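Me: I have a structure to go through for class. Could we talk it over step by step?

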Amino acid sequence: RIGYIGTLSKVKGVEWLIRSFMNLDMNATLTIAGKGETAAYEDELKASRFDLRIGFSGYVKSDEHYKNIHLSVIPSLWPDTFPTVAFESCAYHVPVIATNRGGLPEIIKEGKGLIINPNDTSSIEKAIVYFFKHPMILNEMIKNARTEVDEMIDEEGG
């Protein structure tokens, strides 16, 4: 069970994630949570998927989203300075596949997920297949994901 949560916009890489997932021939699901930057763009994304393994859940609370997935994908194409979804994903023990843009590599360290390069258009597919073929590594990352953000949570009193 793979998930994305956030604004549905071109710069967030949601189209790339959907296309990449549709190329995979595996028993997996992709849940996309969030609202479109515009209603038209959200409708366009929903119409573009002809794959019953992909579902759109609209706006949901973070805890509801993360408890229903094993792996989070943050396919950002732009340099977000502090991507909170990466922080949240780790806090909920969900490993992340994230691009090497902005602050993502600062949060997703080795052992907590995989950093990919969006210049390689097949990098999402390769990363998902890697986890699919190595479930023990995914399980280890599930155990380790929160350690990256524990220090920040403790400092904030959470």
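**Aromatic pairs, helices and sheet**

Reply: Let us begin with one residue of this predicted model. Tyr 130 counts as partly exposed, because its relative accessibility is 31%.

Me: And which residue forms an aromatic pair with Tyr 130?

Reply: The partner is Phe 131, and the pair is edge-to-face, with 5.7 Å centre to centre and 70 degrees between the planes. Phe 131 has a relative accessible area of 3%, so this residue is buried.

Me: Why give both a distance and an angle?

Reply: Because a pair of aromatic rings is described by the distance of the centres and the angle of the planes.

Me: How many aromatic pairs does the structure hold?

Reply: It holds two. In the other, Tyr 66 and Tyr 92 are stacked, at 5.2 Å centre to centre and with 15 degrees between the planes.

Me: Where do Tyr 66 and Tyr 92 lie?

Reply: Tyr 66 belongs to helix α3 (residues 62–66), while Tyr 92 is in the loop between α4 (84–91) and β5 (96–99). The pair therefore ties together parts that are 26 residues apart in sequence.

Me: Buried or exposed, those two?

Reply: Tyr 66 is buried, at 2% relative accessibility. Tyr 92 is partly exposed, at 36%.

Me: New topic: at what angle do α6 and α7 cross?

Reply: The axes of α6 (residues 123–133) and α7 (residues 135–144) cross at roughly 95 degrees and come within 5 Å. This makes α6 roughly perpendicular to α7.

Me: Which residues make that contact?

Reply: From α6 there are Tyr 130, Phe 131, Phe 132 and Lys 133, and from α7 there are Pro 135, Ile 137, Leu 138 and Met 141. Seven residues of this contact are nonpolar, one is charged and none is polar.

Me: Now the sheet. What is the strand order?

Reply: The sheet is open and has six strands in the order β3-β2-β1-β4-β5-β6, with parallel pairing. At the edges stand β3 (54–58) and β6 (113–116); each has a single partner strand, so one side of each is left without a neighbour in the sheet. From one strand to the next, the twist averages 20 degrees.

Me: How many bridges are there between β1 and β4?

Reply: β1 (residues 2–5) and β4 (residues 71–74) pair in the parallel sense over two bridges. Gly 3 stands opposite Ser 72 in β4.

Me: And which strands does α4 touch?

Reply: Helix α4 packs on the sheet and touches β1, β4 and β5, with its direction at about 170 degrees to that of β4. Helix α6 lies across β1, β4, β5 and β6 and runs at about 160 degrees to β6.

Notes: Residues numbered from 1 in each chain as written. Predicted model: local features only at pLDDT ≥ 70, side-chain atom pairs only at ≥ 80, totals over all residues. Heavy atoms only, no water. Axes fitted to C-alpha atoms, helices over the stretch in contact; angles between N-to-C directions. Helix = DSSP H or I, 4+ residues; strand = E, 2+ residues; numbered from the N terminus. Parallel < 35°, antiparallel > 145°, perpendicular 65-115°, else oblique. Contact = heavy atoms within 4.5 Å. Nonpolar A, V, L, I, M, F, W, Y, C, P; charged D, E, K, R; others polar. Phe/Tyr/Trp six-rings, centres within 6.5 Å; stacked < 30°, edge-to-face > 60°. Buried < 20%, exposed > 50% of the residue type's maximum accessible area, 1.4 Å probe, protein only. Pairing = 2+ DSSP bridges.
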